[in-house]
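This briefing goes through the structure shown below, topic by topic. Please keep the sequence at hand while reading.

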Amino acid sequence: MKKILILGSGALKIGEAGEFDYSGSQAIKAIKEEGIETILINPNIATIQTSKDLADKVFFLPVNPEFVERVIANEKPDGILLSFGGQTALNCGLALDAAGVLKKYNVKVLGTPVETIINTEDRDKFTEKLAEINIKYANSKAVSNIDDAIKFAEKIAYPVLIRIAYALGGLGSGICRNKNELVELCEKSFAHTNQILIEEYLEGWKEIEYEVVRDKYDNCIAVCNMENFDPMGVHTGESIVVAPSQTLSNDEYHKLRAVALKVIRHLGVVGECNIQYAFSSSDDDYRVIEVNARLSRSSALASKATGYPLAHVAAKLALGYGLYEIQNTITKTTSAFFEPAMDYCVVKIPRWDLKKFNRVSTTLGSSMKSVGEVMAIGRKFEEALQKALRMLEIGVGGLVANKNIRFNDLDDSLLKPNENRVFAIAQALKGGYSIDYIHTLTYINKWFLYKIQNIVEIQSKLSKIAQDISPDMILLAKQYGFSDDQIGKITNIDPSQIFSIRKANNINPKVLQIDTLAAEFPAQTNYLYLTYNAAIDDIIFADLYDSTIILGSGPYRIGSSVEFDWCCVNAAKTLKNMDRKTVMINCNPETVSTDYDMYDALFFEELTLETIREIYGKINPKGIIVAMGGQVPNNLSLALAKNNMNILGTGVENIDRAEDRSKFSDLLDKIGIEQPEWKELSTKEDALIFAKDVEYPVLIRPSYVLSGAAMSVAFTLVMQLWSFHHKEHILKP
Amino acid sequence: MNLYGNTKKARLVLENMQSFEGKLIGYPHSSSGEVVFNTGMTGYPETISDPSYKGQIQCITYPLVGNYGVPVSKSDPRETLLESDKIHLHGIIISDYSVEYSHSTGIESLSSWLYANKVPGLYDIDTRMLTKTLRENGTMLGKIIVDDNDLEFYDPNTDNLVQQVSHKEIKTFGQEGKNVLLYDCGCKNSIITNLLDRGVKVTRVPWDFDFNKVDFDAVLFSNGPGNPEVYTSLIEKAKELIKTEKPILGICLGHQILSIAAGATTYKMPYGHRGQNQPVMEGQSNKCYITSQNHGFAVNDENLCEGWSTWFKNLNDNTNEGFRHKSKDILSVQFHPEAKPGPVDTTFIFDEFINAINKISKLTRS
């Protein structure tokens, strides 16, 4: 093998984003280590994998059979990797294979064979393969008349779910608990369509995932399992996810693990694969929902959650290595054939931008709407959950004490999965709803609800104590993930005072390492997180003295995505070349910028003043670079400087002058640069007067925002009022 | 709902006098033993009910414990998910305790189960710090001190712990099939159920049982607590049994007993293997398995007698994980093929054992 072609995933889209930049980049590095030439096809200029010093050759061309064939014809690679560029690369690879292109040019598909990929992608073949080894899968069948519907429903037993293919918003679909209900609904449905899908009704079942790896010698491991907070019915990309699973007993965990290994062996995967289950504890029963025989967003999450570099290992396996022949890159003394033991828990929460679209349904379901995600690490579920919510950058300080989140119909917000459901649960508990009732509405496992109740209880205790807060109470709140701001809000004490009490009483977070083996072996890398549930730090901070902190961009959202990872990673590389130590702070699991091997230290942490200040205080760096991570670090720069942190690059007063519309426009006036007439206003009345003066249309533009959030052109009086209302809504959470 | 659980404080003191303050669950009395850590992320009921932990205080490195309560305890191995009918360990140390649990098999909380078994537990402890201490200094003696009722350190490795955990009476499980004589050194229930699932009869006998008293087709030396060198009479029995043609399987302590009988020696490891992710490799093959382990002593296989060969090695530290006889059906593994807690990847060990039993009986019949 001298030359290998890697297919990227092209443009970022919902469901296919930075995780494939991560997996492709790791694959390129893993192959280059072997002295093999790498060629990459990916038209996405904002990715790190297309940077100069990664692949030997990059083609900025569409990832489709036509262009890829031309590259193959010219470059004549020996092998091709299909599983590192998401569905785009996989589909392209399958098409090339079907068209005989790979055979024609003698290009070998490395890793999982094409036949296996087809067997996982084609539903009929997939269920056939599972049936061969007596593995259960979600039963479903397309029928075109009532008799067939009844026959199949009786075969799989009631209740069943009826779905209509291609029906918008679930029109005509529903649950039938007996024959009468089925006949009734079928009659309605067949009025709209001539084919319906009868499916096993698994609502309320847990959704569990395993990331499994297999080498060519048939050695298998399950690197990580994950449990969805939201039960079946919500796409795993739309769910809050926790790793490892929290509510599975040993028998359940290992039964599903054994099924995963059996399936991956039978299918013949070589490399990485993701398997999703529906699982019911009370029935002690499971269904395989799907298998992804490629790297995925879940595998990126699993990599970051455990420290196990799945994409790197998958690439090595594709080259023919055995798992035991690959080094554990964290301990550097053990091999890649092991299953990580975590001594922390991880919470992933998706980031939605639904508010940017009019008339979009906010109900979550089986298709993805989220545009990004965050991952938080803690030694209590409550701690990780509250950290993750802050990381989302949606204007919340944690699970509770958010004035901007209100519910008109709490029961409805619990019943229908939506982006604010976790807040609705807290609200409901506060309002006296019982755990049982919330469970009945949401099917969310009670263990999660008990944990949320702990947070609510601490909030109510804090608000009772208020000004009389004791250091012990602050410590307790910190252990459950409350920020200084949150505690301040609840107790009516200035957050800076909470900070002072903390410092006076030595209440500080500790820095712990992610080491893949729960401290059984020492870690050689600084993959780090902060927690208040520890007594000592894992690392010696002197090693990071005088380093440069780079702030990342947090979760992807509309207007901020992989381009800022490119900036951060390249800034770090440049600094490294200058022999400077680099420290990254970021919380997005689907990116290269959170690969621990890119920096001297990676803090998988919140991009908040409080957290950055704690890290800064511990490592005593040279300063912070805020210019690489987009709007989030920019917005923090003033506060960071005010708290005596050194900002490198453009001074904060100049950042402020560019961001603050009024100061910016002032400056333009002063230096004689033309601009539209403007005025900074803070009341509706003044705005109306000004608009009347300058004549419509006018543009309303808030300061410090990302890609025009809350910006509107006001054509009429009515429009303008709406805009103002909208602006207040977003700017004053 | 009681977020703070029991707020009664207690502390763990190590033999180097390092002290960890935490809050109490389970039974409020002082207790001492050898402090060890286990890195398994699930299966605390199985781990805690494993008799091999006799005399030990176990630190669970996964921080969230108690989430799904504890299943029902029964004396018949086939009727319970637990690994024995009582808790043998001397205490547990955890970080975050779930006061409220949720699971269809959970009938009581971890704390109430510990209480009923008169075992104390400590939570709100920095278990990572404790684990690192044990990793760097090796396993240490320690004591959980409640209400300032101090007590002496206790070293379980000088005691005959097997005598304390082995069932005193002979008991037969299953009606039909070949009879496996099971030397109960503190046997986990799953070993018995794995045998029964494969259609044999199991006769569980006390550790000091004279095997000449009964008819049997094969022998299994079970897992158990303590220092294998202490159990000299058991080693003598193993030596005699090796001379016969009966299939023999050794698991964990049973493996160590067999290895001494086969001429090898054992030694105490700095901090042992306790967890569900220990990688082992089979001989010179490319075959690797993830195994469940719980042992503080290991076998030095350099001086195994003629006729024996190393079967498995640990991929992390190259320690011995099993050996077998070159001509006889004697199999022996350091890890736990019965799993529980842990991965079930090596249950083929039981298949091999049963196949050997069936093969032998066919020979004798013809």
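Domain bounds, as used here, come from an automatic or database domain assignment. On that basis chain B is divided into domain 1 (9–158) and domain 2 (161–365). This is a predicted model, in which local features need pLDDT of at least 70, side-chain atom pairs count only at pLDDT 80 or more, and totals for chains, interfaces and linings use all residues. Residues are numbered from 1 along each chain as its sequence is written, while chains are lettered from A and ligands numbered from 1 in the order in which they are written.

**Domains of chain B**

- The centres of domain 1 of chain B and domain 2 of chain B, taken over C-alpha atoms, are separated by 26 Å.
- Two residues are in contact if their C-beta atoms, placed from the backbone, lie within 7 Å; by this rule 28 residues of domain 1 of chain B are in contact with 29 residues of domain 2 of chain B.
- Helices (H or I, at least four residues) and strands (E, at least two) are DSSP runs, numbered from the N terminus. β3 (31–38), α1 (44–48) and α3 of chain B each supply at least two residues of the side of domain 1 of chain B that touches domain 2 of chain B.
- The largest share of that side of domain 1 of chain B, 3 residues, comes from β3(B).
- For classes, Ala, Val, Leu, Ile, Met, Phe, Trp, Tyr, Cys and Pro count as nonpolar, Asp, Glu, Lys and Arg as charged, and the others, Gly among them, as polar. The side of domain 1 of chain B that touches domain 2 of chain B has 8 nonpolar, 14 polar and 6 charged residues.

**Contact between the chains**

- Chain B brings 45 residues to the contact and chain A brings 48 residues.
- On the side of chain B that touches chain A, α3 (127–137), β15 (265–282) and β16 (288–300) of chain B each supply at least two residues.
- α3(B) gives the largest share of this side of chain B, 5 residues.
- By class, the side of chain B that touches chain A has 19 nonpolar, 17 polar and 9 charged residues.

**Barrel in chain B**

- Two strands pair if DSSP finds at least two bridges between them. In chain B a closed barrel of 7 strands runs β1-β2-β8-β6-β4-β3-β9, with mixed pairing.
- From one strand to the next, the twist averages 35°; axes are lines fitted to C-alpha atoms, for helices over the stretch in contact, and angles run from 0 to 180 degrees between N-to-C directions.
- β3(B) pairs with strand β4 (residues 56–60) of chain B in the parallel sense over 5 bridges, and E34(B) stands opposite Q56(B) in β4(B).
- α3(B) packs on the sheet and touches β2 (19–26), β3, β4, β6 (91–93) and β9 (140–146) of chain B. The direction of α3(B) makes about 120° with that of β4(B).

**Sheet in chain A**

- An open sheet of 5 strands has the order β3-β2-β1-β4-β5 in chain A, with parallel pairing.
- β3 (57–59) and β5 (108–109) of chain A stand at the edges with a single partner strand each, so one side of each is left without a neighbour in the sheet.
- Strands β1 (residues 3–7) and β2 (residues 37–41) of chain A pair in the parallel sense over 5 bridges, with K3(A) opposite E37(A) in β2(A).
- Helix α1 (residues 19–32) of chain A packs on the sheet, touching β1, β2 and β4 (79–81) of chain A, and its direction makes about 160° with that of β2(A).

**Helix pairs in chain A**

- The axes of helix α2 (residues 65–75) and helix α3 (residues 86–98) of chain A come within 10 Å and cross at roughly 70°.
- Angles under 35 degrees count as roughly parallel, over 145 as roughly antiparallel, 65 to 115 as roughly perpendicular and the rest as oblique; α2(A) and α3(A) are therefore roughly perpendicular to each other.
- P65(A), V68(A) and E69(A) of α2(A) make the contact with C92(A), A95(A) and L96(A) of α3(A).
- By class, this contact of α2(A) with α3(A) has 5 nonpolar, no polar and 1 charged residues.
- The axes of helix α12 (residues 381–391) and helix α16 (residues 446–465) of chain A come within 9 Å and cross at roughly 75°, which makes α12(A) roughly perpendicular to α16(A).

**Backbone details**

- A cis peptide bond, with omega about -10°, joins A243(A) and P244(A).
- The peptide bond from K340(B) to P341(B) is cis, with omega near 5°.
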